[in-house]
Amino acid sequence: MALFDRLKDQAKSLQQQAQGGRGTTGGHGTQSGSRTGSHGGSRAQLVGLLKNQLGSIKTELKSGAYRDASMAMCALVAAADGHVDASEMQQMESMILSNEVLQNFPPEQLRQRFHKHVDQLTRNFPQGKAEAMQDIAKAAKKPTEARAVIQTGIVIAGADGHFSQAEQMVLQEACAALGLNPAEFQL
């Protein structure tokens, strides 16, 4: 549970930074030591804070690279445990389509890209993972988008109240593909 508390603190810091003057990203690795109080609802708070932080930069997240990288990230999170069943696909698709930032894109584009990656991952996981990582890496050119892809992955991974080791590993690998330090996201 400590991971979610650290992520929650970081998300709050990122949200405050975004509201206070979106500019540099150098302070992302710092933690707030004063927020050690309530631990109840940490996961829900984390997801909410990251959603708010992403929402505050929604207008900056309209590129095809962000769209494609986010759908690849969502597919990797869904398939992190090695399989994706029909109900999990439906739940993931619902989360994608209801995500405020992803509403920048037509739903059919999101569905198509998500399903393409899930199909590749279920057919041949290593090859599908390599192709998903290629799409994720395309967002590396813009640091705001790269970080948003990881944050989107964290939101999707944590939405079910369970943040598995496999999901953490996929997010760490995505950080590497984007040239980001996983410690920045407490992964």
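A pocket here is an open set of grid points with protein on both sides within 12 Å along at least five of seven lines. In this predicted model, the second largest pocket has a volume of about 190 Å³. Its lining comprises 14 residues, which split into 7 nonpolar, 3 polar and 4 charged. Nearest the centre of the second largest pocket sit Val77, Glu88, Met92, Asp160 and Glu167. The elements that supply two or more residues are H3, H4 and helix H7 (143–158).

H3 turns up again in the helix packing. This helix, spanning residues 64–78, packs with H5 (residues 107–123) at an angle of about 45 degrees, and the two axes lie 8 Å apart. The crossing of H3 and H5 is right-handed. On the H3 side, the contact is built from Arg67, Asp68, Met71, Ala72, Cys74, Ala75, Leu76 and Ala78. H5 answers with Gln109, Leu110, Arg113, Phe114, His117, Val118 and Leu121. Sorted by class, the contact of H3 with H5 holds 10 nonpolar, 2 polar and 3 charged residues.

Helix H8 (residues 165–178) has two packing partners to look at, H6 and H7. With H6 (residues 125–137), the angle is about 50 degrees and the axes are 8 Å apart, so H6 and H8 are oblique to each other. H6 goes past H8 in a right-handed crossing. From H6, the residues involved are Lys129, Met133, Ile136 and Ala137, and they meet Val170, Glu173, Ala174, Ala177 and Leu178 of H8. That contact of H6 with H8 has 7 nonpolar and 2 charged residues, with no polar ones.

The other partner, H7, also contributes to the pocket lining described above. H7 and H8 pack at an angle of about 175 degrees, with 10 Å between their axes. H7 is therefore roughly antiparallel to H8, because the cut-off for that label is an angle over 145 degrees. Ala146, Val149, Ile150, Gly153, Ile154 and Ala157 are the H7 residues in this contact, and Glu167, Leu171, Ala174, Cys175 and Leu178 are those of H8. By class, the contact of H7 with H8 comes out at 9 nonpolar, 1 polar and 1 charged.

A couple of residues tie these pieces together. Ala174 and Leu178 of H8 meet H6, and Ala174 and Leu178 also take part in the contact with H7. Glu167, in turn, is one of the residues nearest the centre of the second largest pocket, and Glu167 also belongs to the H8 side of the contact with H7.

Conventions: Residues numbered from 1 in each chain as written. Predicted model: local features only at pLDDT ≥ 70, side-chain atom pairs only at ≥ 80, totals over all residues. Heavy atoms only, no water. Axes fitted to C-alpha atoms, helices over the stretch in contact; angles between N-to-C directions. Helix = DSSP H or I, 4+ residues; strand = E, 2+ residues; numbered from the N terminus. Left-handed = near helix turned anticlockwise from the far one by under 90°. Contact = heavy atoms within 4.5 Å. Nonpolar A, V, L, I, M, F, W, Y, C, P; charged D, E, K, R; others polar. 1 Å grid on protein atoms, 1.4 Å probe; cavity = no way out; pocket = protein on both sides within 12 Å on 5 of 7 lines; lining within 4 Å. Points joined across faces, edges and corners; volume = space filled by probe spheres on them. Parallel < 35°, antiparallel > 145°, perpendicular 65-115°, else oblique.
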